[in-house]
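Good morning, colleagues. Please look at the sequence and the structure on the screen while I describe the ligand site.

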Amino acid sequence: MAVVSAQRDFAVQIVNRLREAGHTALFAGGCVRDLLLGRESNDFDVATTARPNEVRELFGHRRTLAVGASFGVIVVIGPPELGHVEVATFRTDLDYVDGRRPEGIAFCSPEEDALRRDFTINGMFFDPIDERVIDYVGGEEDLKGRLVRAIGDPHDRMREDKLRMLRAVRFTAILDFSLDPITADAIRQMSSELVVVSAERIAQELKKMLVDRNRRRAVELSEDMLLLRIILPELNELQKQSDWSTTLRRLELLERPSFELAMAALLQSLDSKSAVNKICRRLKLSNDEIERICWLVEHQRDLDDASQLSLALLKRLLAHPFRSDLLQFVEADRTAKELGIEPIAFCREFLRSTPMDQIDPLPLVTGDDLVAMGLRPGPKFKQVLDTIRDAQLNLELTNREDALERARIEWNA
Ligand code: ATP
Ligand code: MG
């Protein structure tokens, strides 16, 4: 909370500064919505009559970035702990050509700027000095009525930028609002056109939805709006099966999951690492994200009989960097299926009562040792190292001499 109010103070300073220079400057968009809802805002955007070059002159070239200058957006760099504030000149979008982005922009009045925004609750301004809301689009009323409603004609607005369909779902779910029926109809009618939107933008929305507390509602609403079948057609078959209610339940049970964990929970029932991998690549997720999601899906069953596993296997799993995700994943899955969570309790107790240097001890023998023994790296080399490691984790080998001796025997076997 303290950081947020410091961020806000920094944004207020920017507003003051612009105003002293004779410009109009207001908080705009999502941060106004969040302020009015008493929610923590992740960023404070400022909208102003000042032109981008004027903003840069005022705050200095070294303290600003012209990343979005063609959209009239200048980033003002704050102290490291506060991040950046985007200062955007009031603008209107020129015609949308391809259902994704406008041909260009034109500077305009605050009112026209409000009208280019997506939803009424996202279309308000706030004057942080007079503490006054400036609302040209009926956003305050919709906020009170807890309604997500497109500004203007929903069909036109969704047609301009198809991503708005998914944003409507996200805001409705995350805020626990309802979706205006006319906006919903427009989305259902146009859902198949989401395909023109880039994978990156879709993935970004998906991430925000899946890490949120209301992720289940977001997925259900995406399904209801016929968008889920566009983003993840692989789930279509699943939705006809009882697996689907398990999936929804599993998603719901996760507590503050990473995106990767939530994604793994969503895709788990596909049960095939290669199918999951393919989806992640299509969404252009990062290699790290893909690795984590696939690892979780691949190892989803590994802890089912945790207490029966060899020490080596158990330790390998519990020493793994993704172990806490795996534990939560399996716990949510088993709970969703009304299976007991004894295996998870067993693992947690094992982790609690076993020092890390026993779960993941320094190796008794390394690759360098094998090379020094005159062995050559290759498939067998790795196999020998793995065998020695397993024996060490199983407490069958406890000192280096025995381990080296065993390596020699394995190599010659
Ligand atoms: P959050 O930051 O929590 O995702 P937000 O409302 O701040 O929510 P941003 O993507 O940061 O969303 O955008 C800031 C504001 O810009 C929005 O509140 C909205 O007014 C406008 N906006 C963003 N994306 C679009 C879009 N695709 N179409 C129309 N207006 C948009
Ligand atoms: Mg924002």
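Helices (H or I, at least four residues) and strands (E, at least two) are DSSP runs, numbered from the N terminus. With that convention, α7 gives the most to the shell around ligand 1, namely four residues. The model is predicted, so to speak of local features requires pLDDT of at least 70, side-chain atom pairs count only at pLDDT 80 or more, and totals for chains, interfaces and linings use all residues. Residues are numbered from 1 along each chain as its sequence is written, chains are lettered from A and ligands numbered from 1 in the order in which they are written, and side-chain values use heavy atoms, with hydrogens and water left out.Around ligand 1 there are 15 residues, of which Arg-33, Asn-122, Asp-161, Arg-164 and Lys-208 come nearest; a residue is near a molecule if one of its heavy atoms lies within 4 Å of it. By class, the shell divides into one nonpolar, four polar and 10 charged residues. Here Ala, Val, Leu, Ile, Met, Phe, Trp, Tyr, Cys and Pro count as nonpolar, Asp, Glu, Lys and Arg as charged, and the others, Gly among them, as polar.

I turn to the polar contacts, pairs of N or O atoms within 3.5 Å. A side-chain N or O atom of Arg-33 is 2.7 Å from an oxygen atom of ligand 1. For Gly-30, a backbone N or O atom lies 2.9 Å from a ligand 1 oxygen. Arg-167 places a polar side-chain atom 3.0 Å from an oxygen atom of ligand 1.

How much of ligand 1 does the protein bury? Taken alone, ligand 1 exposes 580 Å², and the protein buries 81% of that; accessible areas come from the Shrake-Rupley method with a 1.4 Å probe. The elements that give two or more residues to the shell are α2 (30–37) and α7 (163–175).

Definitions and conventions
A polar contact is a pair of N or O atoms within 3.5 Å; within protein, one must be able to donate a hydrogen and the other to accept it, and residues adjacent in sequence count only if both atoms are side-chain atoms.
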